[in-house]
Amino acid sequence: MAVPRYRDYRGWPVLSAGFRPFFLLGAIQAGLAILVWLPVFYGELRLTSAFTPRDWHVHEMLYGYLPAIITGFLFTAIPNWTGRLPIQGTPLLALVMVWIAGRLGVAFSAETTWWAAMLIDASFLLLVALAAAREIVAGRNWRNLAVVLLVLILLGGNVSFHLEAHHFGAADRATRIGIAVVVLLISLIGGRIIPSFTRNWLVRDNPGRLPVPFGRFDMIAIVLGALALFAWIVAPDRRVTGVALALAGLLHLVRLARWAGDRTLAERLLVILHVGYFFVPLGFLLNALAAFGHALPSAGIHAWMAGAAGIMTLGVMTRATLGHTGQRLTATQAIYAAIVVAALARVCAVLDGADSGMLLHIAAFAWVAAFAGFAVAYGPLLVGVRRNGLSVGKAMV
């Protein structure tokens, strides 16, 4: 039975659908975390976190910002996958408060103890996984349980991050676990929505060559990518890891080329998704170079995080916000330009040591501009203000 597209909801509009609070708070978190990180990086500001400054920065991007956006996406997509009604109201508010408590717990963990911060912080992803699994199982949508498994692995990575940082002084392997999960999520979900959205638009507005449907090649690319990422987690400096990463990068590059992205230049909401996915194979290839000693590891890491994760999440956030609040699908061009500049500048800051300081500042300010721009431009829609004057008493699911 198909779920009704709208559901009556009489409460605070921002709690009528999962994407509303988590997209808004995630964007604010992404911008604020970088505003704090830059003076911390230069020694002008001290943190009250039990993490080292670098680990705090990594954690709040990887296990703070991204889980919020992933949750917003999942809680909006799962009703469409399962035919069940969305999580709203008090249960959604409880999840939001747990996420906020996690951010505060990590920020002040030097005062409240590291293990208390870990318990509060990790409980968010556990609750998200349980809620998603319940909905998927109840809707008998078995194929999407793979997404829940990845959320659980991300949870394991988060717990490992706290333990590794406390006992060993730095959370290197846990960082790689989290990044690997994010890359796999982008490979799976991006591989579903990018060719689908592209096909729908091309059929309607630009007939001709269409994206190649998901098939054996896509599965091979995803599986090889997963194996390469596992090798990268365990032994990032081994030559066999470099070979696997390079092969995975080439396969994902071919995969992207099969989606007819070159025919979508007139539609920014589509172009930004193709550009974001380009950073997936770029990250594989840069990490392959790092495995062979020809590049610093952080170049590939930032290609995946600032590039693939940053651009893809912003692209999905804008599209979902517009579509699920009844607006025309027209993108805000400036925030897309800012996030692409941020990603390129951050990768180049690693590759070009001579100008790294200037490029780092460009990347930071462009990143903040992108996510602050999203919060300002799309925040009124997320909290319930409708530009077309329609009622906010119903939530699109």
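These legends go with a set of views of one predicted protein model.

Local features here need pLDDT of at least 70 and side-chain atom pairs pLDDT 80 or more, while totals for chains, interfaces and linings use all residues. Numbering starts from 1 along each chain as its sequence is written, and side-chain values use heavy atoms, with hydrogens and water left out.

View 1. The C-alpha trace spans about 55 × 55 × 40 Å along its principal axes. Of the 397 residues, 56% are buried, meaning under 20% relative accessible area with a 1.4 Å probe, protein chains only.

**View 2. The largest nonpolar core, a set of 123 residues.** Such a core joins buried Ala, Val, Leu, Ile, Met, Phe, Trp, Tyr and Cys residues through side-chain atoms within 4.5 Å. Leu74, Phe284, Trp367, Phe371 and Phe374 touch the most other members.

**View 3. Phe284 and its surroundings.** Skip the neighbours within four places in sequence, and Phe284 is in contact (heavy atoms within 4.5 Å) with Val183, Gly225, Ala228, Leu229, Leu245, Ala248, Gly249, His252 and Trp304.

**View 4. Charged side chains.** The chain carries 30 positive and 16 negative ones, and the centres of the two sets sit 13 Å apart. Lys (placed at NZ) and Arg (CZ) count as positive, Asp (CG) and Glu (CD) as negative; His and the chain ends are not counted.

How values were computed: Buried < 20%, exposed > 50% of the residue type's maximum accessible area, 1.4 Å probe, protein only.
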